[in-house]
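Please keep the sequence and the model in view while reading.

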Amino acid sequence: MTVEIKKSVANKVFRHTITAAHSTVDCYGSPHGLADVLNDDLKELQQLEQSPIIDASIRLVEIAITHAVEPTTETHTKARVARDELGDFLIGAKEIQG
């Protein structure tokens with residue numbers, strides 16, 4: 001499925017999901033304050049117009065917040081699936097002006 005995404009929105013998606021994606025790569029502890037940073041990212045993403053890409057972004061950040069508080073193999077696995085889903089949307093997205 002091809003989803004259109006405005007360039008400005010794509011930039012916000014990248015900016016507000018990169019920490020979530022990086023912080024869920026392993027099952028070990030997270031730096032102090034990471035959940036607060038991720039919560040700020042979540043608030044920014046929730047202000048964007050709903051779309052499959054935004055929904056996938058929000059899912060990834062929500063999982064990353066849970067993973068930051070208590071990393072488990074379950075949250076690690078859910079995050080991997082969410083990263084893949086978001087990546088698939090972004091790879092197939094058609095960027096439009098805006």
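## Ser 23 in helix H1

Ser 23 has its place in helix H1, and the model in which it is seen here is a predicted one. With a relative accessible area of 15%, Ser 23 counts as buried, because the limit for that class is under 20%. When residues up to four places away in sequence are not counted, Ser 23 touches Leu 34, Leu 38, Ala 64 and His 67.

## How H1 packs against H4

Two packed helices are described by the angle between their axes and by the distance between those axes. Helix H1, which covers residues 7-23, and helix H4, which covers residues 73-92, pack at an angle of about 155 degrees, and their axes are 12 Å apart. H1 is therefore roughly antiparallel to H4, since angles over 145 degrees are placed in that class.

The crossing in which H1 passes H4 is left-handed. On the side of H1 the contact is made by Val 13, Phe 14, Thr 17 and Ala 21, while H4 contributes Arg 83, Leu 86 and Leu 90.

## The largest nonpolar core

Which residues of the largest nonpolar core touch the most other members? Among its 26 residues, these are Val 13, Leu 38, Ile 53 and Val 61. At least two residues of this core come from each of H1, helix H2 (34-46), helix H3 (52-69) and H4, and H3 gives the most, with ten residues.

Val 13 belongs both to this group of core residues and to the contact of H1 with H4. Leaving aside neighbours within four places in sequence, Val 13 is in contact with Ile 5, Leu 45, Ile 53, Ile 54, Ser 57, Leu 86 and Leu 90. Of these partners, Leu 86 and Leu 90 are also named among the H4 residues that meet H1, and Ile 53 is itself one of the core residues that touch the most other members.

## Gly 98 after strand E2

Gly 98 lies in the segment that comes after strand E2 (94-96). Is this residue buried or exposed? Gly 98 has a relative accessible area of 54% and is exposed, because values over 50% fall into that class.

Although Gly 98 and Ala 10 are 88 residues apart along the chain, their C-alpha atoms are separated by 9.8 Å. Gly 98 also touches Lys 6, Lys 7 and Ser 8, with residues up to four places away in sequence not counted.

Terms used. Residues are numbered from 1 along each chain as its sequence is written. This is a predicted model: local features need pLDDT of at least 70, side-chain atom pairs count only at pLDDT 80 or more; totals for chains, interfaces and linings use all residues. Side-chain values use heavy atoms; hydrogens and water are left out. Axes are lines fitted to C-alpha atoms, for helices over the stretch in contact, and angles run from 0 to 180 degrees between N-to-C directions. Helices (H or I, at least four residues) and strands (E, at least two) are DSSP runs, numbered from the N terminus. Angles under 35 degrees count as roughly parallel, over 145 as roughly antiparallel, 65 to 115 as roughly perpendicular and the rest as oblique. A crossing is left-handed if the near helix is turned anticlockwise from the far one by less than a right angle, and right-handed if clockwise. Contact means heavy atoms within 4.5 Å. Buried means under 20% relative accessible area, exposed over 50%, partly exposed in between (1.4 Å probe, protein chains only). A nonpolar core is a set of buried Ala, Val, Leu, Ile, Met, Phe, Trp, Tyr and Cys residues joined through side-chain atoms within 4.5 Å.
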